[in-house]
Amino acid sequence: MNGSYLERLYPSWGQQFKVEEVLFEHRTDHQHLVIFNNQQWGTVMALDGIIQTTEKDEFIYHEMMTHVPMLAHGSAKNVLIIGGGDGGILREVLKHKSVEQVIQVEIDQAVIDMCIEFLPGHSQGAFDDPRVEVVIDDGVHFVNQTEVQFDVIISDSTDPIGPGEVLFTSSFYQGVNRCLNQGGVFVAQNGVSFMQLDEVTTSYQRLSSEFKQAAFYTAAVPTYVGGIMAFAWATNNLALKSVDSSVLQQRVCDLNCHYYNPDIHVAAFALPAYINQAIKGVA
Ligand code: SAM
């Protein structure tokens with residue numbers, strides 16, 4: 001990497017990291033995995049040339065992907081995580097006392113193993129929790145054959161290129177709907193909307209044909225460059241999206257968050273006009 005790492009998500013623009021030390025680099029059975037140290041962001045993990053997570057800003061993404069659906073639901077017992085090999089989502093889900101079972105379906109064991117070794121602050125031992133079952137499988141296969149029903153399903157996937165591509169298809173969303181409890185909610189990382197607006201409109205079209213409600217909420221994650229990241233939201237329980245911040249405040253308990261709070265939760269669903277206009281254009 002000759003001392004620097006260039007993210008190649010966009011052909012004519014990107015971000016560069018000075019590489020202090022390469023901790024791991026390998027082409028696994030599914031993707032190119034690299035983990036390196038950078039002075040600004042700490043330990044950084046990338047898959048197929050795209051930044052996945054960094055020590056310094058992971059809390060923003062993992063708290064917003066987890067606590068918005070979990071606190072909107074309020075009493076999730078069974079949770080499904082698709083992807084999320086670094087363990088950050090799993091760590092946050094397990095903070096909720098209502099959780100009795102978490103199944104994590106990750107396609108690449110190497111991501112789990114290497115993140116436990118080189119990014120231990122992400123999972124913090126979460127994979128050893130007795131409530132957790134890890135399944136090494138393609139998420140689209142799992143949701144279309146599992147007999148388990150879930151209260152919250154979180155798709156913490158890579159971008160819709162390579163192994164992650166299937167996690168943005170109607171077949172995946174149909175599978176999610178079949179294993180989601182009636183009162184449940186599904187959320188997914190859905191790209192940086194200024195740069196990947198087509199991912200928002202495509203997901204909206206596919207989700208709204210599967211669920212009674214499809215929506216988005218956002219947060220700015222510094223190393224997902226290009227502005228706010230959109231999180232897809234889909235449910236058949238229309239009450240969940242409008243849970244009042246006072247109710248969320250009662251539920252938040254001692255989650256020890258550094259980004260999430262009930263006011264941010266409610267505000268995150270307020271979208272910029274360009275996103276609303278794009279969604280309206282495909283509704
Ligand atoms: N936070 C990151 C982001 O927003 O880009 C995603 C982090 S996480 C590392 C993404 C995970 O999805 C990886 O561990 C990858 O192996 C996994 N993954 C990709 N495609 C998958 C699939 N079809 N089924 C299950 N896991 C998948």
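Trainee: Let's start with the big picture. Into which domains is the protein chain divided?
Mentor: Remember that we're looking at a predicted model here. The bounds of the domains come from an automatic or database assignment. Going by that assignment, the chain splits into domain 1 (4–53) and domain 2 (58–282).

Trainee: How many residues does the contact take from domain 1, and how many from domain 2?
Mentor: The C-alpha centres of the two domains lie 23 Å apart. For contact, what counts is heavy atoms within 4.5 Å. On that basis, domain 2 gives 24 residues and domain 1 gives 22 residues.

Trainee: OK, and how much area do domain 1 and domain 2 bury between them?
Mentor: The size of an interface is often given as the accessible area lost when the parts come together. For this pair, 70% of the buried area is on carbon and sulfur atoms. The total that domain 1 and domain 2 bury is about 2,000 Å².

Trainee: Which residues in domain 1 lose the most area to domain 2?
Mentor: Three residues stand out on that side, and together they make up 25% of what it buries. They are Tyr10, His30 and Thr53.

Trainee: How many salt bridges are there between domain 1 and domain 2?
Mentor: Side chains of opposite charge can pair when their charged atoms come close. A search of the whole structure turns up six salt bridges. Between domain 1 and domain 2, though, the count is zero.

Trainee: Which residue forms a salt bridge with Glu58?
Mentor: Glu58 sits in helix α1, and its partner is in helix α2 (residues 88–93), 33 residues apart, so the pair links distant parts of the chain. The closest N and O atoms are 3.0 Å apart, which is inside the 4 Å cut-off for a salt bridge. The partner is Arg91.

Trainee: Which element gives the largest share of the lining of the largest cavity?
Mentor: The lining has 39 residues, and Gln52, Asp156, Ser157, Thr158 and Asp159 lie nearest the centre of the cavity. By class, there are 17 nonpolar, 15 polar and seven charged residues. Several elements each supply at least two residues, including α1, β5 (42–47) and β11 (180–192). The largest share is four residues, and it comes from β6.

Trainee: From which domains does the lining of the second largest cavity draw at least three residues each?
Mentor: This lining is made of Gln31, Leu47, Asp48, Ile50, Gln52, Thr158, Asp159, Ile161 and Pro163. Four of these residues are nonpolar, three are polar and two are charged. Both sides of the chain's division take part, with at least three residues each from domain 1 (4–53) and domain 2 (58–282).

Trainee: Last one, about the largest pocket. Which residues of its lining are the closest to its centre?
Mentor: About 170 Å³ of space lies in this pocket. Its lining is 14 residues, divided into six nonpolar, four polar and four charged. Closest to the centre are Leu71, His96, Lys97, Arg251 and Cys253.

Technical notes. Residues numbered from 1 in each chain as written. Predicted model: local features only at pLDDT ≥ 70, side-chain atom pairs only at ≥ 80, totals over all residues. Heavy atoms only, no water. 1 Å grid on protein atoms, 1.4 Å probe; cavity = no way out; pocket = protein on both sides within 12 Å on 5 of 7 lines; lining within 4 Å. Points joined across faces, edges and corners; volume = space filled by probe spheres on them. Nonpolar A, V, L, I, M, F, W, Y, C, P; charged D, E, K, R; others polar. Buried area = accessible area lost by both parts, 1.4 Å probe. Salt bridge = Lys/Arg side-chain N within 4 Å of Asp/Glu carboxyl O.
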